[in-house]
Amino acid sequence: MFSWLGSDDRRRKDPEVFQTVSEGLKKLYKSKLLPLEEHYRFHEFHSPALEDADFDNKPMVLLVGQYSTGKTTFIRYLLEQDFPGMRIGPEPTTDSFIAVMQGDVEGIIPGNALVVDPKKPFRKLNAFGNAFLNRFVCAQLPNAVLESISVIDTPGILSGEKQRISRGYDFAAVLEWFAERVDRIILLFDAHKLDISDEFSEVIKALKNHEDKMRVVLNKADQIETQQLMRVYGALMWSLGKIVNTPEVIRVYIGSFWSHPLLIPDNRKLFEAEEQDLFRDIQSLPRNAALRKLNDLIKRARLAKVHAYIISSLKKEMPSVFGKDNKKKELVNNLADIYGRIEREHQISPGDFPNLKRMQDQLQAQDFSKFQPLKSKLLEVVDDMLAHDIAQLMVLVRQEETQRPVQMVKGGAFEGTLHGPFGHGYGEGAGEGIDDAEWVVARDKPMYDEIFYTLSPVDGKITGANAKKEMVRSKLPNSVLGKIWKLADIDKDGMLDDEEFALANHLIKVKLEGHELPNELPAHLLPPSKRKVAE
């Protein structure tokens, strides 16, 4: 009689089995989350329904910034080649959204054709109408970088009400649509133009709830002196702090992302280190793509649940026959109180609720009588998904990461600093002397020998205790000195001879100069007498 109940309990205890993360995300969304979204008209208020292409597409990077901050040049720098539709200039040249993607043949696909292609993740953009689609293209070209990621170039952000109106479409809403689906959002600033216009401020607020994807690039930094750069950086952080209301500081990368000679080369090392950090962040996107899509689905499910509670509460308060219009106005005006009641009744975090003002504006045009009452079954299915199925997918994400070869963005500018003497840190720190015929430590060995022979060597070696007395003078923590000892004690006998002691002091100097220690001793740092031992 109650067999259906038993099967339901078994289903909850035994989550569905998926072969891949992408397949699991698609199936969970269509079978468990989509019915809740459709029942409570989630797509009219927040975000269009997801399609297969949203789960299958390559990681995307969205570039946002005011005009002439170097967005298009940044893409050109990454790809190391021009792309169709590219225009660069000091005036607002990019007036369209350009999706730069991999293609066998170089060419441009216009927006109206793009949004009917089921293989591209842009079909739902048709909701923004022809005014937007006439300003949206896909630039396709064969490029090694684009085999791993796609890049979205955006129109330069302007200031003033007139320019905003003249776009003919909701610019901030389009950016919000992209923000939900991309893996990284890069805000570009010009070192000479730090003012954040009204439209830029509106855009950054539209990107709220996606702060984890945001990175900031302070571009064209080679055009100002070091002292000015320090002040510009401080001013940028102050401006961002007023708009991005998060306790954490957004990561800012400083550099000059184009292929021209540096105007002021004083900060070359800083720019190289910052570029390397940014490239590492972008290169990690393919590896973390599945985890990002899983995270976005969880965020969407939480918002959909809250939306269901809001819509069902409004439906419950509406009268059956008379006074509907007055009651609707009253409910919209008192939406904050409804939020508070839902928050208390269902123990929901305030951060999960949609923007109050925006929700009130959207509700003005809705017919509350068509809203649906609370349907617990739909919510239970989503809760079950979050509690059980998502946990299984998390395990699958880790399995896929270990089974697949390391996925990284390759080609273009990413290749230029990987190999040869122009790789980051080549010939510096522990890499110093890598191309020298002589052992680099030998330069300072006479000085280290003087210290060595004051430490009572026996049979040409000093004990660990005596070596420690000298090494702790560096004031480096024991964890660092322990690593240096491990690298320097090549024959692993717990003692140091004069060459090993000199090597230990060389590594201490490397660390004190601010460089990182290697995990394994590079071949060029092996003492000459130990090289046969090491082999």
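**A histidine, a helix and a strand**

Reply: Leaving aside residues up to four places away in sequence, His307 touches Tyr40, Arg41, Phe42, Phe45, His46 and Met359 (contact means heavy atoms within 4.5 Å). Before going on: this is a predicted model, where local features need pLDDT of at least 70 and side-chain atom pairs count only at pLDDT 80 or more, while totals for chains, interfaces and linings use all residues. Residues are numbered from 1 along each chain as its sequence is written, and side-chain values use heavy atoms, with hydrogens and water left out.

His307 belongs to helix H13, residues 285-317. Helices (H or I, at least four residues) and strands (E, at least two) are DSSP runs numbered from the N terminus. The relative accessible area of His307 is 0%, so this residue is buried; buried means under 20%, exposed over 50%, and partly exposed in between, with a 1.4 Å probe and protein chains only. One of its neighbours, His46, also makes a side-chain to side-chain polar contact with His307, at 3.2 Å. A polar contact is a pair of N or O atoms within 3.5 Å; within protein, one must be able to donate a hydrogen and the other to accept it, and residues adjacent in sequence count only if both atoms are side-chain atoms.

Now to helix H21, residues 478-488, where Val480, Leu481, Ile484, Leu487 and Ala488 are buried. Looking down the axis of H21, these residues fall within an arc of 120°, so they line one face of the helix; the arc is taken from the directions from the helix axis to the C-beta atoms. Asn478, Ser479 and Lys486 are exposed on the other side of H21. The cover over the buried residues of H21 includes helix H20 (464-471), strand E10 (495-497) and helix H22 (498-512).

UniProt, in an unreviewed entry, lists residues 476-511 as "domain: EF-hand". Its positions follow the numbering used here, feature names are shortened, and annotations may be inferred rather than shown by experiment. In the model, the end C-alpha atoms of residues 476-511 lie 9 Å apart, and the span is 69% helix and 8% strand.

Met60 stands opposite Ser150 in E5, and Val64 opposite Leu187 in E6.

Terms used: Pairing = 2+ DSSP bridges.
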